[in-house]
Structures are given as structure tokens and as C-alpha cells.
Amino acid sequence: MALSLPSLLILLTTLFLTTEATTFIHSRAAYYPNSDEHGTDVGACGFGSFGATINGGDVSAASDLYRNGVGCGDCYQVRCTNSHYCSDKGVTVVITDQGSGPNTDFILSRRAFGRMAQTKDAAASLLALGVVDIEYRRVSCSYPNKNITIKIDENSNYPYYLAFVLWYQQGDKDITAVQLCETQNFVCKLLDRSYGAVWTTTSPPSGPLSLRMLLSGEDGDESWIVPVNNIPENWKAGETYDTGVQIDI
């Protein structure tokens with residue numbers, strides 16, 4: 001028997017709400033003790049001070065979601081579940097550190113923890129609780145008007161040792177491999193993930209260097225992305241280089 005239009009709309013709405021609800025995972029969250037509003041500039045991802053201020057300071061440490069550094073830079077929607085204090089939207093955070101507390105998946109910056117609340121007074125109440133029940137889900141990162149940027153680590157030593165992290169990666173895929181290629185003869189070298197989001201190599205290729213990044217999705221889909229701009233031949237420790245590319249979302 002055919003469904004009437006109102007019945008069909010109710011069915012579709014129910015299916016949508018059920019699907020939307022199942023995308024969230026229940027857990028608990030705390031926040032950085034003895035910290036300012038933002039995150040830490042010594043996080044395990046290796047982002048440095050950038051890791052404290054990216055996304056306006058809405059950042060977090062993660063336990064299992066850190067995934068030996070693969071989870072660095074991932075974005076999650078996190079919302080607390082106490083209806084007296086918490087908003088439906090919650091907050092979107094970027095993983096910049098590793099850490100865990102009592103049965104927690106996230107240790108948020110104070111700013112991010114408070115932004116889960118409906119009002120400033122509710123935020124103060126949440127901070128007083130210290131640890132709250134939450135639900136979370138992976139979402140796409142978005143950095144309008146920003147390209148993926150290479151930050152050369154200060155410990156790099158031209159031309160013998162090169163280490164860097166990648167900033168402003170949009171989307172919801174992971175960077176699981178990175179290659180450096182000589183632009184003249186196209187000889188490529190697979191880099192090591194030293195820790196967190198830090199990619200390193202001893203005896204890096206010479207000349208201007210082309211970067212290749214392997215993006216991996218949760219569905220098993222993989223693709224290589226090749227930036228428009230090269231790392232200059234005489235790269236310098238501490239410098240940043242715009243790749244000229246971004247991931248469409």
C-alpha cells in the first residue's frame with residue numbers, strides 16, 4: 001500500500017534523525033588544568049605554538065584518537081550532554097596533542113570546553129565540573145583562504161636533516177604517507193613519521209623538492225596529492241612554505 005505524503009515525510013525525518021544520532025559516539029571530556037584559554041604549545045603532535053592557537057584555540061588532546069600521530073590535525077564535533085548547560089551544536093576542535101584522563105577521549109582547551117555551553121554562566125558551571133559526559137563525531141576541517149602549509153622544524157639542519165609538519169589540512173582524511181621528490185630526475189624518498197605530525201628524513205634529496213602526500217579515508221579510499229609549489233632548494237629551518245593546494249570539502 002502506498003504511503004501518503006505526510007506519512008512519507010515522517011518516515012524520512014525519523015530515518016534522518018536516527019542516522020544522525022548514530023554518528024555520535026559517547027565518551028567523556030576534561031580540559032587542560034592550569035592552562036590559559038588556548039591549548040598547549042608543546043603538544044605531542046609537534047605543531048608548536050601553532051597547535052595552541054589554530055582554530056581560534058578550540059583544540060584538544062586525544063587518547064586513542066591520537067592514533068600514534070595519524071590523528072593529529074583531525075577535527076571533531078564535541079558536545080556535552082547535560083541539557084541544563086550544554087548547547088546542541090557543541091564545539092569543533094582540532095587534535096593537537098596526546099593525553100587522557102579518567103575514561104576520557106578528549107582533554108579540551110579551556111576555551112573549547114567552555115564553548116560547549118549555552119551561556120557564559122553555563123560555561124562557568126561546566127568548568128567547575130571539570131569532567132563531563134559528551135558525544136562526538138569526526139567532521140571535516142575547514143580553513144577558508146588557507147593552503148596546506150609546510151613548517152620546517154627548527155631542529156632541521158640544511159642539507160643533512162629535514163623535519164617538518166603540515167598545517168591547515170582541510171577535509172576528513174588522514175595523511176598517512178609523505179614523499180619528497182627531486183624535481184629534476186623525479187627520484188622520490190619516503191619520509192618517516194618521527195612522532196605526531198612530524199615528518200623527517202636524513203640526507204634529504206637535493207635541489208627544489210616536490211612533496212607528495214597520501215590521503216587515506218575511513219572507507220579505505222586512498223589518493224596522492226601533489227602541491228603546486230615546491231620546497232625551495234635552499235630551505236631554512238623555521239621557515240614556512242605555502243604548497244599552493246588545498247583539499248576540497
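The exposed residues D121 and A128 lie on the face of helix α4 that is turned away from its buried side. In this predicted model, α4 spans residues 120-129, and its buried residues are A122, A123, L126 and L127. After α4 comes G130, which has a positive phi near 85°.

The chain as a whole contains four helices and 15 strands. Of its 249 residues, 49% are buried. The accessible surface of the chain is about 12900 Å², and carbon and sulfur atoms account for 51% of this area. Among contacts between residues at least 6 apart in sequence, those joining residues at least 24 apart make up 68%.

The largest nonpolar core has 24 residues, and the members that touch the most others are Y76, V78, F106, F113, M116, L126 and I134. Two or more residues of this core come from each of β1, β3, β4 (91-98), β5 (106-108), α3, α4 and β6. Helix α4 makes the largest contribution, with four residues. Another core, of 21 residues, lies apart from the largest one and includes L180, L209, L211 and M213.

The surroundings of Y76 were also examined. With neighbours within four places in sequence left aside, Y76 is in contact with L65, with V91, T92, V93 and I95, with F106, and with the run Y136, R137, R138 and V139. F106 is, like Y76, among the residues of the largest core that touch the most other members.

A polar contact of 2.6 Å joins the side chain of E135 to the side chain of R79. Leaving aside neighbours within four places in sequence, the contacts of E135 are F24, I25, H26, Q77, V78, R79 and T81. Of these contacts of E135, V78 is also one of the residues that touch the most other members of the largest core.

Most residues other than glycine have a negative phi, and most peptide bonds are trans. The peptide bond from Y158 to P159, however, is cis, with omega near -5°. P159 is located in the loop between β7 (149-152) and β8 (161-167).

Positive phi values occur at N103, where phi is near 55°, and at Y168, where phi is about 60°; neither residue is a glycine. N103 belongs to the loop between β4 and β5, whereas Y168 belongs to the loop between β8 and β9 (174-182). With a relative accessible area of 69%, N103 is exposed. Y168, by contrast, is buried, with a relative accessible area of 18%.

Note on methods:
Residues numbered from 1 in each chain as written. Predicted model: local features only at pLDDT ≥ 70, side-chain atom pairs only at ≥ 80, totals over all residues. Heavy atoms only, no water. Buried < 20%, exposed > 50% of the residue type's maximum accessible area, 1.4 Å probe, protein only. Polar contact = N/O pair within 3.5 Å; in protein donor to acceptor, adjacent residues only side chain to side chain. Contact = heavy atoms within 4.5 Å. Core = buried A, V, L, I, M, F, W, Y, C linked by side-chain atoms within 4.5 Å. Areas by Shrake-Rupley, 256 points an atom, 1.4 Å probe, with all protein chains shown as cover.
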